[in-house]
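Biologist: I have a structure to look at and would like to know what stands behind the words used for it. Could you take me through them?

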Amino acid sequence: MFTCRNQSCGARWEQSDVVIKNEGQGLLFRCPLCGARNYVERFDSDDGEVLYEQLPGRPDQGPMAE
Ligand SMILES: [Zn+2]
């Protein structure tokens, strides 16, 4: 479950509700309601499932190495 970090929006989304993509500054999804960028981090679980965890803000470590 993700929560839009735009405080005046605050909409909550399931992972299946949003499109996660990399616009060059790391993985993010745009809130379907207000369009705010919400950054996420990808995890690969032991059983091969891909999970995303929302970051509290924008990643500051520069471009992510793939
Ligand atoms: Zn929003």
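Predicted model: local features only at pLDDT ≥ 70, side-chain atom pairs only at ≥ 80, totals over all residues.

Modeller: Let's go through the terms in turn, starting with how the model was made.

Biologist: Which elements does the protein have, and in what order do they run?

Modeller: There are 0 helices and 6 strands, so the order from the N terminus is β-β-β-β-β-β.

Biologist: How do you know which strands belong to the open sheet?

Modeller: Two strands pair if at least two bridges are found between them. β4 and β5 have 3 bridges, and β5 and β6 have 5, so both count as pairs. The open sheet has 4 strands in the order β3-β4-β5-β6, paired antiparallel. Its edge strands are β3 (20-22) and β6 (50-54), each pairing on one side only. On average, neighbouring strands of this sheet are turned by 45 degrees against each other, direction ignored.

Biologist: Which residues face each other across those pairs?

Modeller: Leu28 stands opposite Tyr39 in β5. In β6, Gln54 is the bridge partner of Val40, and Tyr52 is that of Arg42.

Biologist: What lies in the turns of the hairpins?

Modeller: The hairpin of β4 and β5 has 6 residues between its strands, and Gly35 in the turn has a positive phi of about 85 degrees. The hairpin of β5 and β6 has 5 residues between its strands, with Gly48 in the turn also at a positive phi of about 85 degrees.

Biologist: Why is Ala36 called partly exposed?

Modeller: Ala36 has 16 other C-beta atoms within 10 Å. Buried needs 20 or more and exposed 12 or fewer, so Ala36, with 16, falls in between and is partly exposed. Across the protein, buried residues make up 8% of the 66 residues.

Biologist: Where does Ala36 lie, and which residues does Ala36 touch?

Modeller: Ala36 lies in the loop between β4 (27-30) and β5 (37-44). Leaving aside residues up to four places away in sequence, Ala36 touches Cys4, Arg5, Asn6, Cys9, Arg30 and Cys31. Ala36 and Cys9 are 27 residues apart in sequence, and 9.0 Å apart in space from C-alpha to C-alpha.

Methods:
Residues numbered from 1 in each chain as written. Helix = DSSP H or I, 4+ residues; strand = E, 2+ residues; numbered from the N terminus. Contact = placed C-beta atoms within 7 Å. Axes fitted to C-alpha atoms, helices over the stretch in contact; angles between N-to-C directions.
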